Amino acid sequence: MVLAPVILIVVIIVVGAGGYAALSSVSSSSPTTVTSCAPASSAACKAAAGGNDVSTFVAFSPAFGTSVLSVSQGQSVPITVSVPEAASNYQVFWGDGTNTTQAAPTFTHTYTNLGNYVISAQAEVKGIWHTGTAALYPVTVAPSLGTDSSGYYPTVTATLTNGSTSANNLGWLPGGKGTITVTAIYSTQPANPSYVPQTTSFTSSGGTQTAASPTASGGSASYSFSSAGVYTITMVGPIKNTATSQTIYQNYTWSVFVSPSGLAPGCGQCRTSSSGTHTSPHSGTITAYEVAPAGGTTVDPAISYDTVSAEMVYNVYQTLVTYNGTSTATFIPQLATCVPGTAQCASLYGGNDLIATNASGADVYWTFVLDSNAKFYDPATKASWGVYPSDVVFSFARTLSYADLPGIEATAGWIDSEALLPAGNLSWDVSSLTGYGIHQPFNNTPYNIFSSMLVNDSAYCPSAAMTQDHGCVTFVANGPGAQNGLTLPNRTWSNFLQFIADPLGSGIVPAGWFTAQGFGAGLPGWGLPASCPSSGDCPMYLPGNYTSSTASGYWANINSTFPATKWDSMQELEFNNPNVNGIVRYQMVGSGPYYMVGKFNSAVGYTLAANPAYAQPTGCAGYQWCEPAPGTYAPNIKVYWDDSDTEGIQQYIAGQTDFATILAPETPTMLSLIQQGKIGATTAPTLNIFFYSYAATFDVQAAQAIDPFTLNVPGTFFASDGVRNFVNLAYPYTTVENTINTVDGIQYGFNYGGAIPQGMGDYYPENISWPNADPTGSASTPGTAAWWWAQINTQGSSVYDSWVATHCSSSTPCEFPIIGELGDPSGDAAIQLWIHEIEAISGGALQPNTFDLSFSQLVTDTLSSTPSQIPLPLYTLGWAPDFPDPTDYMPTLWTNGSYGLPDATFYTFSQSAYNAGTCGNLDNLPYWASVSVIPADCQGVAFMTMDYWMGIAGTTPAGSQRVLLYNMIEHIGNALSLQQYTLQQNGIGTYAPWINPATLDLNPMWAGDFLFYFIQGNGVV
């Protein structure tokens, strides 16, 4: 989904508030020996005794009421160490067997192994090392999203027992010696059934093993330690691929801090974490101040496709199933009574797990039984009524109807369409607005849409579902997908639950209420029952007043009532995106924990209230992340959309808001608020990427109409790969990352490249040199910005651009905009640095300008533009995941997706000017993946090759071959420079001290949006 850069929020937390002592240590190797302060009579020791001698600033804090911070494997942890006097050296012991000593007080460290660690720090003042056991900082390293998504590794639940004391999971021992036992059990097995854990083994960096019981499911080991120091215990977990006999290893490490004799280890952070001393001043109401100039775009689940609007959809509408907390691979029921394919379904329905195969034995039929407790609620009439299969069919019919226009990925409908619809035809039923077929790339004519869903079909729907529940909807998930008209065979969709779990596109709306709102909200030919009130507050039948798709006459009625072009005029409303219907754009009637009070105001915000008709889903009762029971969550939500973070910060200062966006320039203020105990912070892995997108062909007249400065380049200015590569390489990546994206040692985002984000298993290509450094001025060095500028202006060069060479000079500079986003000062600062470099390296021949548009305007101009009609030559936005796979990202950016379509990449590079007959090698993936400089007139051949193989890779089974295909595709993408990649987001947020951040659902699929009904804390409810 389209993502706004302004959600970047970051803080650092102060730890180590307890008593400190000055200690001397030997720090050159691990284990590190720690002794008491020496000499004890020294002035330094006396001054330090009982005082706050060493302060350790650690980015992020543990969850509310807990003592251990959790970070992801591969995540960078920043720390700053300080002492009252000037220090000559600082040292941090990371607990994983490594330590860092340096003159600067700011450190970062990345944990590669899973496990529990103890961080400690010290500073050298006048030859004395100052530290203190109260500065110990425990941290748990959890699997990264990439590790989770790979399906190769199990996860571990560990218990640490110190001698004869009770288990505490904190790896330290008092008194200079002792014994510690680690018991580790695989709490989940590898998701990929081909990978089987083997017998583990244990090792330690300095302890003596006294007992060990390794097993294939984990094991335990005990180690004794005879002297103070920092040690490690590691469990090596081999996992064997039964198909290839290959064995891979995952290490789980625990650090042990043995304190000197006479000094009991303590944890400053454990004592200063949220402990219930703060209480909400507005019980029953959660308030949030979000930086979102111009607010959301629409709350219609079939149309909504941006992160600001998504937050409203998530809280009001429900899906059939949803993600289980932070997991991206497991699900729990919501409107359904169980998750198809699980033992729960088999238990409920006589052994039927609700997934059925076709004649070829492929899993095609996915059945969802509807919970009879679920009810819609209309706040205008106070009426409520049940959720039925007709509502599911209606909701998906609207989503699939709006999936094609103005192009794939203008809405989230493409996700479900891939699995449910056949491929369309570019030249059939042509729209007068575009000149191409309305029903492509997915054939979303009414019959095909209705055929993808079977209702109360006894071949798949258990009889108990008809008597005890509200019936069934069976999805026929065997669509071929779509890739710019590429003919693909029908396939099975093992990740179908990921599609169904996305509320954007798969949110279930009331068929009756939507129908009553008129054209664009209802479906032509499908009307209200005669007994239904004009408000539409009633259950609906299937078209023709049927209750089952197997009823006699049902399909005959579909054929006669819904000809192929029946919904054309409604579907063409997508050219008005997001305004396909003004009522359902701004108002909501759902079945979730909240309802919207009135309408949302894009200039102000929105208000939610507890849905009086809501019932907790019966199928997930007892799960931690099941939607809560009525009366157990905050009944009122108030969200304010601001142009800046000023008001939110003031509300934090006053102690009156629960959440607020704090942008990078206000990091010093943020630190002060944390030190005062007014806010806390939490972090989560993210797959969110941000970039500037080039329009290969843009509408010059439309662009000039919104540009307050001069724009004197042609609409195909960025169709030149020479220009794109030059502008990309002129970006000061290092400077921006170190001075704008990193503040006070905290990294807001990190450099990445390509369409696939880091952290997505093995798919991110580590062997590609994406642009990631400051530009250089040497035109003689191939691949530099200066070299590309020289090539653009040199006749005979394969990327020579005659228009630039003859029109752009210091006396007659070429001017174009780099469009930023309102409310993103960090982005604005980066653009100014970028412009300076472009001007300097081009000798003033290129002189970009910049202005900002609101997030909603950027989204509207992007999602509603047809090829070559976009008014944005070069603009900022981002992408948040719909589902964790490359197929969510590559079509989005590089073909006819949310960016590729309006940027006219396929449209432009399919023209003859970019497909010279001398190029050859069409569809030759290895060849084009090896070409570092693609001739300007061969861009189309390279692009079409990349596009063709994207379709092949998308349908290739998971494994090394699929990884290799995507790797070669990204090599071509790097050479074509289709976007300028700015950063991948570190997901870090702030909250009031009475909020329990352990109740924030930090699943990366939610892209930083709040599921308000989970949030708890002192006085919240």
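**Entry 1: the model**

I am working from a predicted model.

**Entry 2: α19 and α21**

I looked up how helix α19, residues 721-729, packs with helix α21, residues 785-792. Their axes are 8 Å apart, and the angle is about 155 degrees. Angles over 145 degrees count as roughly antiparallel, so I put α19 down as roughly antiparallel to α21. I also noted the hand: α19 passes α21 in a left-handed crossing.

Next I listed the residues that meet. From α19 I have D721, G722, V723, N725, F726 and L729. From α21 I have A785, W788, W789 and I792. I sorted the residues of this contact by type and got 7 nonpolar, 2 polar and 1 charged.

**Entry 3: disulfide count**

How many disulfides does the count come to? I get 6 disulfides. I followed up C461 with C472, C808 with C814, and C919 with C938.

**Entry 4: C461 and C472**

The sulfur atoms of C461 and C472 are 2.1 Å apart, and the two form a disulfide. I read 65 degrees about the S-S bond, and the link is right-handed. Where do the two cysteines sit? C461 is in the loop between β31 (453-455) and α9 (463-468). C472 is in strand β32, residues 472-476. The pair is 11 residues apart and links distant parts of the chain. I checked burial too: C461 and C472 are buried.

**Entry 5: C808 and C814**

I found C808 joined to C814 by a disulfide, with S to S at 1.9 Å. Is this link left-handed or right-handed? The torsion about the S-S bond is about -95 degrees, so the disulfide of C808 and C814 is left-handed. For burial, the cut-off is under 20% relative accessible area. C808 has 7%, so I count C808 as buried. C814 has 1% relative accessibility, so C814 counts as buried.

**Entry 6: C919 and C938**

I then turned to C919 and C938, which form a disulfide with sulfur atoms 1.8 Å apart. The link of C919 and C938 has -95 degrees about the S-S bond and is left-handed. I placed C919 in the loop between α26 (905-909) and α27 (925-929). C938 lies in the loop between α27 and α28 (939-955). The pair therefore ties together parts that are 19 residues apart in sequence. Are C919 and C938 buried or exposed? I logged both C919 and C938 as buried.

Methods
Residues numbered from 1 in each chain as written. Predicted model: local features only at pLDDT ≥ 70, side-chain atom pairs only at ≥ 80, totals over all residues. Heavy atoms only, no water. Axes fitted to C-alpha atoms, helices over the stretch in contact; angles between N-to-C directions. Helix = DSSP H or I, 4+ residues; strand = E, 2+ residues; numbered from the N terminus. Parallel < 35°, antiparallel > 145°, perpendicular 65-115°, else oblique. Left-handed = near helix turned anticlockwise from the far one by under 90°. Contact = heavy atoms within 4.5 Å. Nonpolar A, V, L, I, M, F, W, Y, C, P; charged D, E, K, R; others polar. Disulfide = S-S within 2.5 Å. Buried < 20%, exposed > 50% of the residue type's maximum accessible area, 1.4 Å probe, protein only.
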